[in-house]
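Visitor: Hi! Could you walk me through this fold while I have it open?
Guide: Happy to, let's bring it up.

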Amino acid sequence: MSVPRFLLDQMLDEDVSSELRAKGYDVTRVCEVGLATADDAVIMARAIEEGRVLITLDELFGDG
């Protein structure tokens, strides 16, 4: 079974990514790939393209 790969939205800070990485997860933060201010659709497309699970705290993600 493969380890899940995550894409963390902008409101999740470096502490979260560091903790997940310490546990062996492949984690990318949107700010690390120039998507900190990107539209939700662009962020979702990136997650799908890379086979990552998107983690966000944005209750309105995708509503705009």
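Guide: What follows is a short chat about the strands and helices of this predicted model.

Visitor: What's the strand order in the sheet?
Guide: The order is β2-β1-β3 in an open sheet of three strands, and the pairing is parallel.

Visitor: Let's zoom in on β1 and β2. How many bridges pair them?
Guide: Four bridges join strand β1 (residues 5–8) to strand β2 (residues 26–29), in the parallel sense. The chain gets from β1 to β2 by way of helix α1 (residues 14–22), and this β-α-β crossover is right-handed.

Visitor: Which residues in β2 stand opposite Leu7 and Leu8?
Guide: Leu7 has Thr28 opposite, while Leu8 has Arg29.

Visitor: Changing topic: where does α1 lie?
Guide: Helix α1 lies across β1 and β2, and runs at about 165° to β2.

Visitor: What about α2, which strands does that helix touch?
Guide: Helix α2 (residues 40–50) touches β1 and β3 as it packs on the sheet. The direction of α2 makes about 165° with that of β1.

Visitor: Great, thanks!

Technical notes
Residues are numbered from 1 along each chain as its sequence is written. This is a predicted model: local features need pLDDT of at least 70, side-chain atom pairs count only at pLDDT 80 or more; totals for chains, interfaces and linings use all residues. Side-chain values use heavy atoms; hydrogens and water are left out. Two strands pair if DSSP finds at least two bridges between them. Helices (H or I, at least four residues) and strands (E, at least two) are DSSP runs, numbered from the N terminus. A crossover is right-handed if, with the strands pointing away from the viewer, the path from the first strand over the helix to the second runs clockwise. Contact means heavy atoms within 4.5 Å. Axes are lines fitted to C-alpha atoms, for helices over the stretch in contact, and angles run from 0 to 180 degrees between N-to-C directions.
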